Amino acid sequence: MDRWGRTSSTLCCARCVPLGLGWRPRRVALALYLLVVCAVRSHFVVASVDDGIVHLLLFWAALLPVGESLSIDHGKRLRRLVPGGAVRAASLNFALIYLVAGASKWTSEMWREGSALHAILSLRPSFWPEAVDAVPASVWALGSYGALAVEPLFALLVVLPSGSRVKAALGLVWFGFHAFLVATFDVGLANLGCVALGLLVFGNEIGSAVGRHGRTSVAGGAR
């Protein structure tokens, strides 16, 4: 890594601390976004899907009202102060990720014939390449066909009614999909980033759960 690379990496790591602590998160995210864009563009040939999702997360962290959209007021009341345009755009971006990724798989002969998952997990970035052949080929074929079927459907999470059973079931499949990739392949940042974007999609459900917990705690304390 050259001098510019070391300097930019150090600056990025330093700025991650105030972002994680919630200190002026939108300004810090914007500064990090600019640094990451410059760093990745200078090494574009070796950029990965992790780099792309980090770009995306920092971009939306700079635009969304981080720290204000879901906040607890005195431990009793949940406030939602979210400009609709930015959140809707981020939700559409969430859907686009799965539409593009899911549709592109259908153009691949390996995915359509059921051998893609076995081939991918046999590559060096896999955490368990030596264990892939111990699993029957039919299992990997079933997993490949399952990914073809469900990944495009994850885009529906942005339009399904909040609290519906269909959204809850699809959400569990969505979370399991990313958990599997985090556990098996070295694209952790990309998958954790998609899960982080999912907080917007499941914002109402999270808010309702937190609100119920807060009311239960207040009622318990009143006794």
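View 1. At least two lining residues of the second largest pocket come from each of α3 (49-63), α4 (84-106), α6 (116-121), α7 (137-150), α8 (165-184) and α9 (188-201). The structure shown here and in the views that follow is a predicted model. Among these helices, α7 gives the most to the lining of the second largest pocket, supplying six residues.

**View 2. The centre and the residue classes of the second largest pocket.** The volume of the second largest pocket is about 680 Å³, and 28 residues line the second largest pocket, with Lys105, Glu151, Phe177, Leu181 and Asn191 lying nearest its centre. Sorted by class, the lining of the second largest pocket comprises 20 nonpolar, six polar and two charged residues.

**View 3. The packing of α4 against α9.** The angle at which α4 and α9 pack is about 130°, and their axes lie 9 Å apart. Because of that angle, α4 is oblique to α9, and the crossing of these two helices, α4 and α9, is left-handed. On the α4 side the contact is made by Val87, Ala90, Phe94, Ile97 and Tyr98, and on the α9 side by Cys194, Leu197, Gly198, Leu200 and Val201. The contact of α4 with α9 has nine nonpolar residues and one polar residue, with no charged residues.

**View 4. The packing of α8 against α9.** With their axes 8 Å apart, α8 and α9 pack at an angle of about 160°, which means that α8 is roughly antiparallel to α9. The crossing in which α8 passes α9 is left-handed. From α8, the residues Lys167, Trp174, Phe175, His178, Leu181 and Val182 meet Gly188, Asn191, Leu192, Cys194, Val195, Gly198 and Val201 of α9. By class, eight nonpolar, four polar and one charged residues make up the contact of α8 with α9. Two residues in this contact, Leu181 of α8 and Asn191 of α9, are also among those that lie nearest the centre of the second largest pocket.

**View 5. The packing of α3 against α9.** The axes of α3 and α9 cross at roughly 30° and come within 7 Å, and α3 and α9 are therefore roughly parallel to each other. Here too the crossing is left-handed, as α3 passes α9. The residues of α3 that make the contact are Val49, Asp50, Ile53, Val54, Leu56, Leu57 and Trp60, and those of α9 are Gly188, Leu189, Ala190, Gly193, Cys194, Ala196 and Leu197. In the contact of α3 with α9 there are 11 nonpolar, two polar and one charged residues. One of the α9 residues in this contact, Cys194, also takes part in the contact with α4 and meets α8.

Note on methods: Residues numbered from 1 in each chain as written. Predicted model: local features only at pLDDT ≥ 70, side-chain atom pairs only at ≥ 80, totals over all residues. Heavy atoms only, no water. 1 Å grid on protein atoms, 1.4 Å probe; cavity = no way out; pocket = protein on both sides within 12 Å on 5 of 7 lines; lining within 4 Å. Points joined across faces, edges and corners; volume = space filled by probe spheres on them. Helix = DSSP H or I, 4+ residues; strand = E, 2+ residues; numbered from the N terminus. Nonpolar A, V, L, I, M, F, W, Y, C, P; charged D, E, K, R; others polar. Axes fitted to C-alpha atoms, helices over the stretch in contact; angles between N-to-C directions. Parallel < 35°, antiparallel > 145°, perpendicular 65-115°, else oblique. Left-handed = near helix turned anticlockwise from the far one by under 90°. Contact = heavy atoms within 4.5 Å.
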